[in-house]
Amino acid sequence: MPGGRPTDYTPELASIICERLSTEEGGLSEICKADDMPSPSTVYLWLTKHKEFSEMYAHARESLGVYVAHRGVKEAIDAKDAQLGRLQFDARKWLASKLAVKQFGDKLALTGGNPDDEPIKTVTRIELVGVEPDDNG
């Protein structure tokens, strides 16, 4: 059996990567440091070639976001130093908002200015033809 990192996709290896990804904050680069793991570039290639892996990977990242959020709350509660606890919580909150966007991401609803207005469904970019910009921009 040849040595070196694995390069062939297997559902078992994909499952191991996703399982570790969902609970390890170091991310893919940390997971791929192990000798029995493929390189990050190999994993990125698999993401483009294997739809089932891409879906598992996305779910694992969302799970990591939930894990990070729960851990952040626990650490904030247990913090001995309020400023450090706040800093750690804010960092975890930011990371959770990027990993688990549906649960923790910022919500943006554009309306016509009236609180009773329905959100605008589409926004169209309008260009003014023949209008010179003023000195402010």
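Biologist: How much of the protein chain counts as buried?
Modeller: In this predicted model, 24% of the 137 residues of the protein chain count as buried.

Biologist: What about secondary structure, how many helices and strands?
Modeller: The protein chain has six helices and zero strands, so that, read from the N terminus, the order of elements is α-α-α-α-α-α.

Biologist: Let's look at α5, what span should its 18 residues have?
Modeller: Helix α5 covers residues 82–99, and at 1.5 Å a residue it should span 26 Å; its end C-alpha atoms are 25 Å apart, which agrees.

Biologist: Which residues in α5 are buried?
Modeller: Those are Gly85, Arg92, Ala96, Ser97 and Leu99, and because they cover an arc of only 160° around the axis, they sit on the same side of α5.

Biologist: What do the buried residues pack against?
Modeller: The buried residues of α5 pack against α4, residues 51–78, and against α6, residues 101–104.

Biologist: And which exposed residues are on the face turned away?
Modeller: The face of α5 turned away from its buried side carries Gln83, Arg86, Leu87 and Trp94, which are exposed.

Biologist: Last one, what caps the N-terminal end of α5?
Modeller: Asp81 does, with a side-chain oxygen that lies 2.9 Å from the backbone nitrogen of Gln83.

Definitions and conventions: Residues numbered from 1 in each chain as written. Predicted model: local features only at pLDDT ≥ 70, side-chain atom pairs only at ≥ 80, totals over all residues. Heavy atoms only, no water. Helix = DSSP H or I, 4+ residues; strand = E, 2+ residues; numbered from the N terminus. Buried < 20%, exposed > 50% of the residue type's maximum accessible area, 1.4 Å probe, protein only. Expected span 1.5 Å × (residues − 1). Arc of directions from axis to C-beta. Contact = heavy atoms within 4.5 Å. Polar contact = N/O pair within 3.5 Å; in protein donor to acceptor, adjacent residues only side chain to side chain.
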